[in-house]
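User: I'd like a quick tour of the side-chain packing here. Can we start with the aromatics?

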Amino acid sequence: MERYDVVVVGGGHAGAEAANAAARAGASTLLLTQNLETIGQMSCNPAIGGIAKGTVVREVDALGGVMGRATDLARIQFRMLNRSKGPAVWSPRAQCDRGLYRRAVRAILERQPRLEFAQGTVSEFLMSGERVVGLRTKEGRSFECSAIVLTAGTFLRGRIHMGTTTQIPAGRSGDAPSVELVETITTQGLRVERFKTGTPPRIDGRTANIAQLERQDGDSKPYWFSSFEKSQHPQQLPCYLTYAGEPVKEIILKHLKESALYGGLISGRGPRYCPSVEDKIVKFPNASRHQVFLEPEGLDTSEMYVNGLSTSLPASVQLEFLRRVPGLEKVRMTRAGYAIEYDYFPPDQLLPTLQVRGIQGLYFAGQINGTTGYEEAAGQGVVAGINAAAGVMNCEPLILGRNQAFIGVMIDDLVNRGVDEPYRLFTSRAEFRLLLRQDNAARRLLPIAERYELLAESELRLLHSVIDSENSALLLADETLISPADANPILESSGSHPITSSVRISELVKRPGVSLSRTLEANGIQIDEDHLAWGEIEIKYAGYINREREAAKRLAEMDDFRLPADLPFRAFNSMSYEAREKLERLRPSTLGQASRIPGLSPSDLQGLVMEVVRRSS
């Protein structure tokens with residue numbers, strides 16, 4: 001029997017990051033997947049990043065991850081979202097070439113000397129009491145290991161729906177589902193539930209009349225998701241905007257009962273923030289039209305992704321309503337859209353490390369936890385991979401706080417609050433949005449990367465050099481005076497009042513429209529703009545940032561209040577029955593985690609503190 005420290009099951013975005021992180025952390029790792037050719041496959045939208053999600057990509061990169069580096073190698077359009085707002089909430093998003101992205105992920109993974117690959121379908125976990133010790137595949141291979149990270153995506157009893165008459169057992173189009181694996185997990189007593197998601201049709205872009213559509217080009221200024229590699233970007237391509245109006249609405253309403261969702265074949269709940277076009281028509285009946293984006297699939301194909309028209313209607317109906325979209329009157333559909341229903345395991349069955357409660361060495365990451373999105377999967381994958389390796393090597397586990405990373409916000413939400421719909425990250429989920437920015441991700445997570453030895457020496461040197469340059473620029477702004485003669489032309493151009501005596505540059509930069517780079521240049525100081533972005537945000541938003549830091553400090557104090565692992569929550573009569581039941585089921589390890597469990601009142605928390613103090617005295 002072959003032996004590894006960690007086996008990662010699944011080669012999607014969660015699996016790729018888990019395998020990479022475990023190997024970087026020092027564990028001998030096997031990435032086991034049904035098809036080695038589809039490692040890093042973008043099953044749905046060929047895009048990475050966006051609101052909150054772009055920050056997660058930067059956080060994954062800061063921990064040595066794959067996604068940012070692969071995106072830089074594969075992006076064919078880039079846009080910084082939220083530019084109309086302050087830079088503190090800017091969000092990077094990239095459209096990618098599917099083939100380039102997949103190949104980039106595989107190439108990056110193959111750089112890891114502790115990581116090996118195998119193709120196979122897992123049929124059984126091997127257990128010793130309440131601990132995983134290995135697994136078997138349908139092909140007859142067995143692997144011994146101390147930890148397993150399961151990243152099954154939509155493959156667990158996955159079923160594709162196109163209309164009410166076409167159902168195809170599949171993990172995604174063209175790939176078989178995993179059935180035996182669900183059975184082997186549920187024998188361990190875990191609850192399983194069902195969700196759905198969907199994808200839109202693809203079209204032959206040569207048959208679209210793009211001349212009549214609104215063209216959307218990307219940003220011209222270079223940007224890299226990765227802090228460590230400045231890869232050459234491929235050729236950039238435009239996207240196009242059109243609309244699904246009344247003609248599309250009429251067709252969908254006419255055929256609504258043929259939709260798998262509205263025809264009653266799908267019981268699983270779908271993502272509210274990524275609705276099917278049927279949902280849009282039914283739930284927003286007064287909307288005259290809905291946006292449709294035509295997004296290129298890659299540089300070597302004319303195929304386009306029709307973003308905004310996810311559907312489970314029959315293929316013939318899809319073609320009919322596609323041809324009612326302006327610019328698509330003569331379009332050819334290359335692939336029909338579909339809905340997919342799949343099993344997931346409610347994430348309140350997990351510890352904050354993403355280890356399954358009561359099963360030592362078994363970790364879940366990605367859509368198996370009830371999430372949706374490539375970035376959410378990647379964030380879970382990197383944490384699960386680090387913790388799988390840490391468990392094997394008897395190191396302290398990684399638990400990211402809500403004040404440390406968007407990934408920490410997500411995992412805390414999942415394990416303490418559970419999900420009643422596919423979970424998606426938004427900036428509004430984070431209490432400390434100004435602290436968790438895309439520009440400071442590497443700075444925030446550097447101590448963790450160093451603790452778990454996730455970065456190579458050359459990567460650490462580079463990151464320290466950048467941070468030192470940023471700190472020096474901020475110090476320079478605090479210490480350097482600028483004269484009225486140098487400052488007033490800048491102030492005049494920004495519509496700000498002139499000064500009559502010299503002031504510190506940092507004071508001037510606090511004003512709206514006054515940039516750090518221009519004021520430094522006016523004083524004869526030249527610094528790379530990339531090293532100024534962090535300092536300028538820290539100056540402009542200093543008051544807000546300091547308030548968030550104080551709030552984060554109070555949260556950290558609650559998270560430092562440890563709850564003993566053997567607390568008999570049901571015996572605590574000073575608390576409500578509901579609180580005791582939830583605490584017994586979720587068993588939080590800190591007061592902070594307990595405070596975020598829905599339904600626990602301030603008096604319940606006060607009672608909990610009293611019980612802990614009484615037991616320790």
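Analyst: The model has seven aromatic pairs. Rings of Phe, Tyr and Trp (its six-membered ring) pair if their centres lie within 6.5 Å; planes under 30 degrees apart are stacked, over 60 edge-to-face, the rest tilted. One of the pairs is Phe-195 with Tyr-344, stacked at 4.0 Å centre to centre with 10° between the planes. Bear in mind that this is a predicted model: local features need pLDDT of at least 70, side-chain atom pairs count only at pLDDT 80 or more, and totals for chains, interfaces and linings use all residues. Residues are numbered from 1 along each chain as its sequence is written, and side-chain values use heavy atoms, leaving out hydrogens and water.

User: Which parts does the pair of Phe-195 and Tyr-344 tie together?

Analyst: Phe-195 is in strand S14 (residues 193–199) and Tyr-344 in strand S21 (residues 338–344), so the pair links parts 149 residues apart in sequence. Helices (H or I, at least four residues) and strands (E, at least two) are DSSP runs, numbered from the N terminus.

User: Is Phe-195 buried or exposed? And Tyr-344, buried or exposed?

Analyst: Phe-195 is buried, at 2% relative accessible area. Tyr-344 is buried as well, at 1%. The cut-offs: buried is under 20% relative accessible area, exposed is over 50%, and partly exposed is in between (1.4 Å probe, protein chains only).

User: What about Phe-345 and Phe-364?

Analyst: They form a tilted pair, 5.5 Å centre to centre and 45° between the planes. Phe-345 sits in the loop between S21 and strand S22 (362–364), and Phe-364 sits in S22, so this pair ties together parts 19 residues apart in sequence. Phe-345 and Phe-364 are both buried.

User: Which residues form one aromatic cluster?

Analyst: Phe-78, Tyr-223 and Phe-225 do.

User: Now charges over rings. Where does the charged end of Arg-289 sit?

Analyst: Over the ring of Tyr-243, 3.5 Å from its centre. Arg-83 lies over the face of Trp-90, 4.6 Å from the ring centre. The rule wants NZ of Lys or CZ of Arg within 6 Å of the ring centre and within 35 degrees of the ring normal.

User: Switching to helices. How do the axes of H12 and H16 cross?

Analyst: The axes of H12 (residues 457–479) and H16 (residues 533–540) come within 8 Å and cross at roughly 45°. Axes are lines fitted to C-alpha atoms, for helices over the stretch in contact, with angles from 0 to 180 degrees between N-to-C directions. That makes H12 oblique to H16. Under 35 degrees is roughly parallel, over 145 roughly antiparallel, 65 to 115 roughly perpendicular, and the rest oblique.

User: Which residues meet there?

Analyst: From H12, Glu-470, Asn-471, Leu-474 and Ala-477; from H16, Trp-534, Gly-535 and Ile-539. Contact means heavy atoms within 4.5 Å.

User: And Thr-55, where does that lie?

Analyst: In helix H2 (residues 53–62). Thr-55 is buried, at 4% relative accessibility. Leaving aside neighbours within four places in sequence, Thr-55 contacts Phe-406, Leu-436, Arg-437, Gln-438 and Arg-444.

User: Last topic, backbone. What is phi of Arg-157?

Analyst: Near 50°, a positive value in a residue other than glycine. Most residues other than glycine have a negative phi. Arg-157 is in the loop between strand S11 (147–150) and strand S12 (159–162). Arg-157 is partly exposed, at 37% relative accessibility.

User: And Arg-587, what is its phi?

Analyst: Near 45°, again positive in a residue other than glycine. The loop between helix H18 (577–586) and helix H19 (591–595) holds Arg-587. At 26% relative accessibility, Arg-587 is partly exposed.
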